[in-house]
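Here's a quick briefing to read with the model open beside you. Take it one topic at a time and find each residue as you go.

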Amino acid sequence: MSSVAVPHSPRRLGRARAALRPPSLPPSELLFGAALAVALSAIGLRAGGGLAPGPTTYIEMVLDVVGGLLGALAAVAAVGRRWWGAVTIGLFALLAIVTAWSIVWAVEPNDAWLEANRTVAYVAVFGGGVVLARLGGAWWTALLGALVVSSLAICAWALLTKIFPGALSADEIYARLREPYGYWNAVGLTAAMGIPPTLWLGARRSGHAGLSALAYPIMGVLILAMMLAYSRGALLAVAIGCAVWFAVVPLRLRGVAVLSIGAAGALLVTAWVFAQDTLTEDKVSLDQRTTSGHELGIAVLAMSLVLLAIGLALGFAAARRAPAPHVRRRAGGAILVAVALVPVALVVALALSDKGLGGSISSGWKSLTDPSSGTTVTNDPSRLTSVGSVRARYWDESYKIFRAHPWKGVGAGGYKTARDQYRTDQLTVVHAHGYVVQTGADLGVLGLAASLLLLVAWLGATARTLGWRLPVPGAVGRLLPRRGPPETQIRLAGWGPERVAMATVAAAVVVFGVHSFIDWTWYVPGTVVPALLCAGWVAGRGPLAVPATRPTELGPALRAGIRSPWRVGLAILLMAAGLLAAWTAWQPLRSIDAGNDALAKLGEGPRSYPQALDLARTARDRNPLSLDPLFEIAVIQATSGQRDAARNTLEDAVRLQPSNPASWLRLAEFELETDPRRALRLLGPALYLDPKSPTGAQTYLAGMRKLQAGAPSQP
């Protein structure tokens with residue numbers, strides 16, 4: 001009798017205490033994970049929405065240099081294994097080449113240059129993920145931990161701007177969470193991408209039970225941030241990502257506990273927030289926001305403490321008496337059935353609605369895709385249950401641009417300029433809000449084909465890593481990465497910790513991919529960098545039957561590789577490429593700085609005009625593709641009395657970008673004072689390229705008034 005274990009026996013309690021001991025991660029791996037978490041958090045907090053030239057440029061430069069260094073390290077290290085992921089890197093580089101090549105035909109070559117710089121930096125991130133998996137794939141725990149910590153840090157900052165508005169967001173006029181990106185859907189995406197790694201943290205069978213309990217409050221914070229961002233795209237993306245995770249990862253019972261309990265806590269706080277006008281309406285006074293924000297802080301803290309207590313209690317209970325295998329299997333099956341019944345329940349609900357199934361689907365599809373439907377979506381919590389979107393207008397404009405330039409598009413980043421010819425409003429829209437529509441407008445069939453090849457190659461590499469064979473026969477199947485030599489083609493019957501981890505990383509990439517299909521967060525470094533790092537890691541890991549490399553094994557590999565001249569030469573070439581990419585990315589920013597200095601000198605008086613002109617010409621030399629230096633030179637020349645030279649400079653701007661309405665409009669405005677008849681002629685191309693331009697309309701009216709007043713005209 002004494003040998004029989006009972007629920008409260010010392011043996012059971014000893015196991016429970018052992019599960020709560022400090023983590024056993026090696027210090028080097030822990031340090032790597034911490035450094036990666038800090039880096040990802042810093043990128044999200046520093047780069048913002050990817051539109052500010054300064055922060056974005058510096059982040060791109062760092063990514064280029066680090067990517068070159070990692071490539072050099074991989075080139076020197078004589079690791080005896082295949083270069084898994086090399087095909088995906090090559091295809092990503094092909095996309096970057098197409099992007100850079102589009103400068104030749106771009107309607108706005110400066111924007112094409114900026115997009116080429118961005119894409120090269122993204123290639124460096126993806127390649128860095130492949131290299132890290134190749135040289136340190138055994139440290140996958142650090143990768144997932146960094147994803148959890150960085151997502152939590154960014155979402156916590158977003159919530160803190162609402163909790164302490166006086167200190168962090170005194171000038172905020174919107175209720176939706178949008179910091180640190182300045183864009184609410186990017187905040188929602190960061191939260192959504194952090195949910196699969198948080199599921200892994202709470203559901204894993206290995207690791208520290210105390211750390212696993214942290215998954216419950218982290219899940220609550222992530223879901224709360226996503227809800228307060230009112231991001232429908234993030235909700236859709238996380239729903240699909242979680243469906244993938246629960247479909248493939250056999251830790252469904254634990255995962256459901258983390259997701260459901262965390263969501264319950266978050267939704268309770270969300271319901272309270274949605275009932276507070278001071279937290280959900282725009283343009284609320286700072287005093288009211290401060291009072292309600294402090295109340296929100298108390299609610300978030302209470303939610304986190306309760307969820308942590310629940311997580312610890314469940315972890316302690318599971319350590320004492322885990323569910324029997326047959327119970328776990330039945331529960332897992334029930335979860336799969338419940339997930340499968342969600343769309344069925346949705347169909348039934350639509351069928352029972354006033355419009356019926358067909359009418360509801362037709363109405364929703366029209367609201368979502370018809371640019372003339374007239375559907376309006378308010379900027380409050382009610383948008384979470386609304387189907388309509390203004391994106392239909394942007395997508396329709398993208399399709400019109402694609403039809404006009406089907407093969408090569410209008411050049412990378414050209415949608416912003418080309419849409420002016422097709423827009424029906426006076427809104428300034430930078431992106432088409434969707435990767436496919438943006439790429440179709442910018443790069444046409446050429447860019448879409450390169451993107452599709454990259455996607456297929458990545459799916460094949462991911463399937464190889466997870467031990468799956470994609471059901472793609474024939475010629476397309478032969479394009480997919482092979483699973484490797486016969487000795488690596490071992491069937492993975494079980495789900496070990498690393499396989500669960502790689503499936504989780506892939507699910508995070510799926511979340512990003514789904515969201516990028518319907519939104520423009522591809523341009524936000526804080527969301528793209530972790531996604532591409534994960535995508536590269538999964539592609540570069542290779543078959544899990546092959547043991548992962550540990551960084552502690554790199555010493556002998558580096559000593560062996562340093563003796564190879566071709567390896568050293570390749571490493572030098574890769575480092576030089578990284579430095580060249582960083583220098584290239586820096587030039588547009590240097591041009592902007594020189595242009596700003598030129599205008600500052602212009603304000604100092606006539607004696608500074610020559611220096612101002614020299615600085616403006618320096619800006620043009622640093623970025624010969626941009627209109628801004630030419631406009632600055634023309635302003636300085638006109639101010640100093642050189643009107644003929646200023647006219648010639650503005651004509652150079654028209655020759656540089658003849659399909660850009662801004663160049664024609666600036667020349668027309670210049671001619672308005674002395675030759676209104678010529679100004680009106682110049683307004684013709686400007687208004688053809690941008691019929692809805694308010695500035696163009698005002699200039700036209702001013703020119704007509706001058707003509708009617710009998711202003712002299714030059715022949």
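Let's begin with Glu397 and Arg419, which are both buried (buried means under 20% relative accessible area, exposed means over 50%, and partly exposed is in between, using a 1.4 Å probe and protein chains only). These two form a salt bridge, with their closest N and O atoms 2.9 Å apart; a salt bridge here is a side-chain nitrogen of Lys or Arg within 4 Å of a carboxyl oxygen of Asp or Glu. Glu397 sits in helix α17 (residues 391–404) and Arg419 in the loop between α18 and α19 (435–466), so the pair ties together parts that are 22 residues apart in sequence.

Keep in mind that this is a predicted model: local features need pLDDT of at least 70 and side-chain atom pairs count only at pLDDT 80 or more, while totals for chains, interfaces and linings use all residues. Residues are numbered from 1 along each chain as its sequence is written, and side-chain values use heavy atoms, with hydrogens and water left out.

- Asp111 and Lys416 join their side chains in a salt bridge, at 3.3 Å from N to O.
- Asp111 lies in helix α5 (residues 109–136) and Lys416 in helix α18 (residues 415–418), so this pair ties together parts 305 residues apart in sequence.
- Asp111 is buried, at a relative accessible area of 9%, whereas Lys416 is partly exposed, at 31%.
- Arg666 and Glu669 also form a salt bridge, with the closest N and O atoms 4.0 Å apart.
- Both Arg666 and Glu669 lie in helix α28 (residues 661–672), three residues apart, or about one turn of the helix; helices are DSSP runs (H or I, at least four residues), numbered from the N terminus.
- Arg666 counts as partly exposed at 32% relative accessibility, and Glu669 is partly exposed at 32% too.
- There's also a network of salt bridges linking Asp644, Arg647, Glu651, Glu671 and Arg678.

**Nonpolar cores**

- Phe92, Ile195 and Met502 touch the most other members of the largest nonpolar core, which has 117 residues (a core is a set of buried Ala, Val, Leu, Ile, Met, Phe, Trp, Tyr and Cys residues joined through side-chain atoms within 4.5 Å).
- A second, separate core has 18 residues, including Leu627, Ala634, Ala646 and Ala668.
- Leaving out residues up to four places away in sequence, Met502 touches Trp140, Thr465, Leu466, Trp537, Val538, Arg541 and Leu544; contact means heavy atoms within 4.5 Å.

- Helix α2 (residues 27–47) and helix α6 (residues 140–163) have axes that come within 8 Å and cross at roughly 35 degrees; axes are lines fitted to C-alpha atoms over the stretch in contact, and angles run from 0 to 180 degrees between N-to-C directions.
- Among the α2 residues that meet α6 are Phe32, Leu36 and Leu40, and the α6 residues there include Leu143, Leu147 and Trp157.

- Thr504, in helix α21 (residues 497–518), is buried, with a relative accessible area of 0%.
- Not counting residues up to four places away in sequence, Thr504 touches Leu144, Pro196, Pro197, Trp200 and Trp245.
- Arg403 is in helix α17 and counts as exposed, at 54% relative accessibility.
- The C-alpha atoms of Arg403 and Gly440 are separated by 9.3 Å, and these residues are 37 apart along the chain.

Conventions
Helices (H or I, at least four residues) and strands (E, at least two) are DSSP runs, numbered from the N terminus.
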